[in-house]
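Okay, my turn today. Let me put the structure up, and then I'll talk through the ligand site and the domains.

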Amino acid sequence: MNFNNSEQLYKKGCEHLVGAVNSPVRAFASVGGNPLFIDKAKGAYIKDVDGNKYIDLVLSYGPMILGHRNKKVEKAVSRALKKGYSFGASTNAEITLAKIVCDAFPGMDKVRFVNSGTEAVLSAIRLARAHTNKDKIVKFSGCYHGHMDAMLVAAGSGLATLSLPGSKGVPAQAVENTLIAEYNNLESVKAHFEKHNDIAAVILEPVTGNMGVVQPTDEFIKGLRKITKEHGVLLICDEVMTGFRSKFGGAQEIIGIEADITCLGKVIGGGFPVGAYGARNEIMENVAPLGGMYQAGTLSGNPIAMAAGISTLTELKKQNPYNKFNVVAERIEGFLLKSAKKYGVALTVNRFGSMINPFFTATEVKNFTDAQTSDTSKFAKFFWAMIENGVFLPPSQFEAWFLSSSLTIREMKKLEIAIDASMKLVANSVN
Ligand SMILES: *Cc1c(COP(=O)(O)O)cnc(C)c1O
């Protein structure tokens with residue numbers, strides 16, 4: 001396989017872009033080599049600038065749940081383009097998408113659209129503080145909630161991949177109200193509750209994707225809902241990754257809880273920049289213009305992005321691929337475990353709906369500490385072998401692989417072969 005054009009663009013890109021990428025997760029820091037430059041994509045496949053074609057399990061880190069260039073979405077976007085790009089005034093499309101989203105989440109009466117998951121979270125945290133008149137936020141190590149200052153501690157995959165403990169440039173004051181707890185460890189939350197009486201909210205990924213896929217135990221998540229209620233602390237579910245991905249709606253319903261505030265992003269924009277936060281009326285009424293919590297956006301509710309979101313969610317509801325996702329993920333898990341066993345490679349596979357994650361460790365992965373026992377050099381070898389075998393994966397041990405509804409039996413056969421060949425290579429390489 002040749003990557004000459006990607007290599008050239010990488011060199012050229014480094015001149016005026018930082019590391020030739022606009023998000024560090026796209027850099028190949030932990031797997032070595034240069035990042036691939038993409039030319040185009042269609043359905044389940046993505047093509048790089050050297051003409052190499054891959055089954056795409058990155059899917060723009062989640063948004064492209066229908067696969068690339070879905071016909072319905074493309075039509076809706078083209079139609080919207082012809083009416084104008086941005087108005088700085090309300091449109092009917094915002095009302096339509098708001099209804100689809102609120103109908104899908106039982107705890108959501110109103111929603112505010114923003115432009116990214118980061119914006120959704122930073123607004124949700126401001127809202128929690130406005131509603132409770134308290135300042136402290138409990139977050140879990142390994143959970144990622146976007147790149148706002150207060151959330152850039154123990155923040156999962158992007159930082160872990162680059163071996164960064166946190167971010168430079170974040171003032172100590174910006175994180176002094178952030179309390180860190182351990183995922184799946186209710187006692188670690190209770191300890192904060194006993195010590196502090198000024199906690200506004202607990203935020204978590206209800207199923208994580210940013211330390212790899214980790215599900216909450218029933219005891220942890222139900223207990224968390226119970227103690228937050230008892231203490232008058234809001235529960236913020238960051239469903240930027242899980243929203244509409246493993247069920248129409250969020251992970252909340254599958255795991256049996258209801259958040260006070262829900263953050264969304266990724267899938268709801270169908271590949272365009274959309275984020276959202278929503279809650280019950282009494283909470284959302286704090287937001288300007290109804291209340292005193294200010295949050296604004298020039299391009300928020302952009303008509304093209306709304307058209308992409310409406311058509312993506314409408315098509316998703318119609319296709320209802322969620323059972324299929326479970327079947328496909330189970331098969332991929334089967335391929336991974338079979339090959340790992342055959343070649344004697346230590347492997348733990350976690351999955352949730354259309355998110356799947358092989359960790360190169362024998363340890364069961366229930367939190368970030370467990371995830372970090374993974375052999376990332378083995379992952380790097382596996383990653384490049386998968387590329388050579390025509391499968392594009394996120395270049396990090398701690399990122400989930402994403403499934404799209406475009407995958408067919410043909411891709412499953414290719415995946416089985418690629419996984420087997422890649423696992424063999426991992427087993428055979430010394431160190
Ligand atoms: C991706 C992600 C974010 C950040 O969203 P951006 O659109 O990248 O700003 C926040 N929270 C979670 C859980 C995410 O997966």
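One term before we start: a polar contact here is a pair of N or O atoms within 3.5 Å; within protein, one has to be able to donate a hydrogen and the other to accept it, and residues adjacent in sequence count only if both atoms are side-chain atoms. By that rule, 12 residue pairs are in polar contact across the interface of domain 1 and domain 2, both at pLDDT 80 or more.

Ground rules: this is a predicted model, where local features need pLDDT of at least 70, side-chain atom pairs count only at pLDDT 80 or more, and totals for chains, interfaces and linings use all residues. Residues are numbered from 1 along each chain as its sequence is written, and side-chain values use heavy atoms, with hydrogens and water left out.

So, the domains. The assignment, automatic or from a database, gives domain 1 as 4-65 + 321-430 and domain 2 as 71-319. Their C-alpha centres sit 25 Å apart. Each side puts 36 residues into the contact, meaning heavy atoms within 4.5 Å.

Now the ligand. On the polar side, a side-chain atom of K266 is 2.6 Å from a ligand oxygen, a polar backbone atom of G117 is 2.9 Å from a ligand oxygen, and a backbone N or O of Y144 is 3.3 Å from a ligand nitrogen.
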